[in-house]
Amino acid sequence: KKPRSTEGREEAKAAATMTSEEWKALQVGMMEKWLQPEYMQKPHNGGHNCYRDDTYEIATRWMAETKISYRPHAKSPGSKSHVRYEVYSKATTIGEALTLGSWPADWCWDYERGFIKVLGPLREEPIDITRTTDESEITDVDRALWRWYIKELAKNHSLKIEDLQGKCSGESLIMRAHRLVAQREAKSRLEAAEREKRMVSDEDVLETLKQWAFAKNITRANVTPDGQDWVWSDTMGLLRDRCGDIHLTPSTVTYPEVVAIINKWLHDRLPADMAAFKWTSLNLNHNYAAKLHRDGNNFGPSFIKAFGDFKKGELNYWPEDDRTADQLEDLDDKDKLKLDLKNGLALFNGNCAHSVEDFEGQRFSIVYFTVRCFDGAPEHCKERLRELGMRYPETGEDRYALLREPKGYGSQDGARKSAGKNEKPVHGYWPRSQLEKASVKRAFPLIKVCANLGKATAVPEAKLKKVQKRKEEEKEESEATKGKAKAKGKAKGKAEPEAEEQNEESDAAKGKAKAKAKAKGRGKAKAKAKAEAEAEEEEEEEESSAFKGKAKAKGKGKAKAFAKIAFKAKRTAAGKAEAKAKAKATTGDKVEAKTAEKKEDKQAKKAEQPKKAADKKADKPERKAEEKKADQSEKAAAKTKAKAKAKPGDAKSSSIDAALKDAMEEVKASKKALKKEEKSTPQKAPGATSTPGKVSL
């Protein structure tokens with residue numbers, strides 16, 4: 001245990017406003033005037049800093065304007081708390097107490113010991129600033145309470161703060177905390193039952209219900225006892241709301257292990273003669289005796305069981321009530337059955353009149369039933385309930401397959417006459433001793449399903465669908481990428497042998513293949529975009545150089561020169577792309593060496609061009625031969641271009657192909673212009689010089 005700090009003790013003694021004797025004299029009669037809350041008389045397992053749930057429920061409803069009064073001089077002198085208390089105990093509201101240096105932890109401590117009297121006003125529900133639409137309405141007291149409260153709940157229940165913030169609609173923070181604990185422990189109990197090869201016990205279900213935080217249900221007016229406005233009741237599973245929408249309740253989606261353990265309890269004990277029983281929903285009830293009523297939306301019979309430490313609380317049931325009696329009070333008590341739900345499991349028709357006897361103690365009950373609209377539920381809802389262990393009914397089910405239709409109480413010869421030998425019963429009851437002998441073999445498939453639910457099932461249904469859809473899309477994209485990579489590999493393997501056969505074309509093809517291989521390994525979008533921009537700039541420069549070279553060669557009328565310029569433009573662009581790719585993967589020294597080598601190679605080739613042009617003869621036979629060769633080169637270039645199109649390349653390869661296409665178009669245009677000039681120009685004698693014509697590029 002961490003030793004208590006003594007820092008500041010001497011200062012606290014010096015700051016005391018009275019002596020110990022004076023303080024003790026002031027405490028006479030104070031305990032009788034300033035009483036502790038009644039719930040503090042109940043035993044509590046937490047430490048002195050672990051406050052009661054009742055305290056949290058009260059303190060979190062305080063506001064800045066809530067009026068309070070402090071017990072005078074409640075804390076003994078000589079302590080730091082005495083010095084602080086003497087300051088903030090002068091406050092008359094919670095807002096003033098916060099300003100004078102007290103905090104929510106101080107308020108809870110003082111309230112549990114009877115040091116604070118709360119005069120009001122209070123919130124109707126605990127503070128939840130996430131529901132406040134106007135932030136200007138949030139006070140410093142609200143913020144202080146909220147931050148402290150959420151940390152306290154997380155600490156006391158071993159939860160994460162972010163888990164507490166993902167609440168279902170209608171949940172308070174403390175409800176969320178208790179329900180998360182119920183879910184966590186239900187999952188642990190399911191795993192233990194599977195590991196130990198046993199049934200889910202009554203104690204397993206009871207502990208889960210004790211940990212579960214029930215909602216205040218104001219919609220069940222037909223069961224609410226007289227004098228009450230609400231009951232502790234939750235519905236899990238399938239439900240149809242007032243708008244007609246059929247869906248799973250939020251608690252079903254968010255707390256699946258709680259649903260699963262309750263379903264498994266019935267699976268383990270389902271009587272053999274009731275194996276055809278189906279259900280879609282659960283009704284969980286706590287500490288109220290339902291008044292006489294009929295259920296209006298049930299299909300077929302319902303199973304019901306009570307848990308807890310209580311006395312009485314039997315189910316009153318009129319099995320032959322056919323709803324012909326308009327007033328429930330007109331039903332005769334002689335016709336009712338009393339079923340002991342604490343010590344047995346009962347099957348009854350909820351559409352007949354029934355009620356619960358008054359009881360003493362803590363009583364929980366679970367009703368397994370089918371909603372009338374079950375056939376109209378979405379398919380994904382049906383499948384989810386089956387996964388959670390519910391035996392979902394099929395279309396065309398007979399509602400009277402297990403219990404016969406009630407006959408009514410109109411005649412002595414009807415309902416009050418004993419049933420025949422082959423007639424179905426009007427109710428069923430199985431004592432606990434008989435239920436415990438049920439086979440457990442059929443329970444194991446459900447356990448395996450539930451054990452695999454995990455934390456992911458706490459996510460809402462819509463979100464689960466989005467995640468699943470995103471995973472499928474990612475899988476498809478991954479497969480498409482692999483297919484493209486395979487195609488690239490095959491195309492590259494075909495391109496390399498062909499490139500070796502093509503002299504000048506081989507250099508360009510090899511450079512292009514190397515650039516692709518280098519670019520493939522990088523994969524960063526930013527680097528790729530930068531490389532594309534640089535490649536476009538280089539291509540523009542190369543196109544400009546190509547146009548200049550064509551202009552110089554135009555007067556000489558050599559078609560092959562135009563083709564060579566186009567191929568050189570392609571080769572130079574590919575070479576620069578290769579150099580750029582290599583430069584990113586190597587050190588600075590290698591980059592400089594490669595750049596210098598490329599520059600020298602380019603200068604040498606440019607120096608050879610005038611010499612090659614001067615050596616050519618201008619006579620007609622040679623010109624035709626050269627034109628023929630140019631045509632062959634043009635066809636070879638078109639063939640290479642078509643192959644490049646057949647295999648998708650990266651951004652740099654596409655830019656090179658575009659440059660080649662522009663160059664080839666201009667070669668064709670130049671050839672046409674050359675032929676036109678040749679027809680219009682008279683033939684000169686051999687050795688004579690020709691005057692360049694004006695050919696438009």
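User: Is Cys50 buried, partly exposed or exposed?
Analyst: Cys50 counts as partly exposed, because its relative accessibility is 24%. Buried means under 20% relative accessible area, exposed over 50%, partly exposed in between (1.4 Å probe, protein chains only). One caution: this is a predicted model, where local features need pLDDT of at least 70, side-chain atom pairs count only at pLDDT 80 or more, and totals for chains, interfaces and linings use all residues. Residues are numbered from 1 along each chain as its sequence is written, and side-chain values use heavy atoms, with hydrogens and water left out.

User: And Cys381, buried or exposed?
Analyst: Cys381 is buried, because its relative accessible area is 4%.

User: How many disulfides?
Analyst: The count is zero. The rule asks for a pair of cysteine sulfur atoms within 2.5 Å.

User: New topic. How much of helix α7 is covered?
Analyst: Seven of the nine residues in α7 (residues 104-112) are buried. Helices here are DSSP runs of H or I with at least four residues, strands are runs of E with at least two, and both are numbered from the N terminus.

User: Which residues of α7 are buried?
Analyst: Pro104, Asp106, Trp107, Cys108, Asp110, Tyr111 and Glu112.

User: What covers them?
Analyst: The cover includes helices α4 (53-59), α5 (80-88), α6 (94-99) and α8 (140-156). Strands β1 (67-70) and β2 (116-120) are also part of the cover.

User: What does the backbone do just after α7?
Analyst: Gly114 takes a positive phi there, about 80°.

User: Which peptide bond is cis?
Analyst: The one from Gly120 to Pro121, with omega near 0°. Pro121 sits in the loop between β2 and α8.

User: What about Lys197, what is its phi?
Analyst: Near 55°, a positive value, and Lys197 is not a glycine. Lys197 is in the loop between α10 and α11 (202-211). Lys197 counts as exposed, because its relative accessibility is 57%.

User: And what is the phi of Arg323?
Analyst: Positive, about 70°, although Arg323 is not a glycine. The loop between β9 (315-317) and β10 (337-339) holds Arg323. At 41% relative accessibility, Arg323 counts as partly exposed.

User: Back to α10. At what angle does α10 pack on α13?
Analyst: Helix α10 (residues 173-195) and helix α13 (residues 256-269) pack at about 45°, with axes 7 Å apart. That makes α10 oblique to α13. Axes are lines fitted to C-alpha atoms, for helices over the stretch in contact, and angles run from 0 to 180 degrees between N-to-C directions. Under 35 degrees counts as roughly parallel, over 145 as roughly antiparallel, 65 to 115 as roughly perpendicular, and the rest as oblique.

User: Which residues meet there?
Analyst: From α10, Ala182, Gln183, Ala186, Lys187, Arg189 and Leu190. From α13, Pro256, Glu257, Val258, Ala260, Ile261 and Lys264. Contact means heavy atoms within 4.5 Å.

User: Last one. Where is Ala346?
Analyst: Ala346 is in strand β11 (residues 344-348). Ala346 counts as buried, because its relative accessibility is 0%.

User: What does Ala346 touch?
Analyst: Leaving out residues up to four places away in sequence, Ala346 touches Ser302, Phe303, Ile304, Leu339, Leu341, Gly428 and Tyr429.

User: How far is Ala346 from Ala306?
Analyst: Their C-alpha atoms are separated by 9.8 Å, and the two are 40 residues apart along the chain.
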